[in-house]
Amino acid sequence: MPYDDSVPPTRRARPLIAAAALASLCLTVAGCGGGGGDGGTARPRPGSGADASVPASPSAPVSASPGSPRPATEPAKPSASARPKPPKGPKGPLTGRTVVIDPGHNPRNREHTREIGRQVDIGTASKECDTTGTSTNEGYAEALFTLDVSHRLRDLLRARGAEVKLTYDNDRAFGPCVDERARIGNEAGADAVLSVHADGSAVGNRGFHVILPARVRSGAADTSKIVEQSADLGARIAGNFLRTTGTAPSNYIGGNTGLDTRGDLGGLNLSTVPKVFIECGNMRDPKDAALLTSGSWRQKAAQGMADGITSYLKG
């Protein structure tokens, strides 16, 4: 399908409310493009998001009235073997593997602030179902960025044979909530899950970072079985993202490793399969924003993510 290569809006968006500043303590992980480490104490930060879901209500089946005449003979139903089978994707290095992509936020969350503001259980605490996300100073929304990059990433992974699912595809009014985003990956039995985001921080703060799950065991959250696998996944994504985009690791989070560890994100806390977040850059910095609004750069970003996921799944 075509990607979003349109010129981002030039009107000035109203500034978003900033969250508390991030602090990070690196946890070393081999394989990062900057020398291998991952990040520190969990804390809230601008640009992070969550998710929620509204189950669709199926229409009631229409049945014939008791007096309706029935045909003398009903056409035979085709056997299961005779029914057309859905086409299979190309075979490749990721054939038989399942990847879930989680596009951060939702472009229509702004229209549903009450719904996304409700609290959901993330194991360690309660948190908003989702947030609106951030935007560039010119009004290019993070939710539009994440959806476009996710489409590009999906197509690259499918071309390599992977079965790819998105947590949502611009097909719902808001959300999904953070707990449902985690549940989608869990129920898919995903081999890897990547949540795509962009940050909102101060001017001069530049670069990307990958967020790894902290070791959390509280309530419904238990990341003990996925911490090491997620660290490997995150380090490979960070290294390949650096190589493919040429973008430096964050100069304000993760100690220049491109990796950060957090225990306050429901999408990570509630995951039972290997999962990481990536913050592709700072939308509030003009230099980073110039990259994030470029279609050709977003294609490189998706390529780096795809290469990192492929490296992880091939071992």
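## The disulfide

Cysteine 177 has a relative accessible area of 0% and is therefore buried, a term that means under 20% relative accessible area, with exposed over 50% and partly exposed in between (1.4 Å probe, protein chains only). This is a predicted model, in which local features need pLDDT of at least 70 and side-chain atom pairs count only at pLDDT 80 or more, while totals for chains, interfaces and linings use all residues. Residues are numbered from 1 along each chain as its sequence is written, and side-chain values use heavy atoms, with hydrogens and water left out.

A disulfide, meaning a pair of cysteine sulfur atoms within 2.5 Å, joins cysteine 177 to cysteine 129 with an S to S distance of 2.1 Å. Cysteine 129 lies in the loop between strand 3 (126-128) and helix 2, and cysteine 177 in the loop between strand 4 and helix 3 (178-187), 48 residues apart; helices (H or I, at least four residues) and strands (E, at least two) are DSSP runs, numbered from the N terminus. Cysteine 129 is also buried, at 0%, and the torsion about the S-S bond is about -95 degrees, so the disulfide is left-handed.

An open sheet of mixed pairing is formed by 6 strands in the order 4-1-5-10-6-9, where two strands pair if DSSP finds at least two bridges between them. Strand 4 (163-166) and strand 9 (259-262) stand at the edges with a single partner strand each, so one side of each is left without a neighbour in the sheet.

Strand 6 (residues 209-213) runs parallel to strand 9 and is joined to strand 9 by 4 bridges, and valine 210 has leucine 259 as its bridge partner in strand 9.
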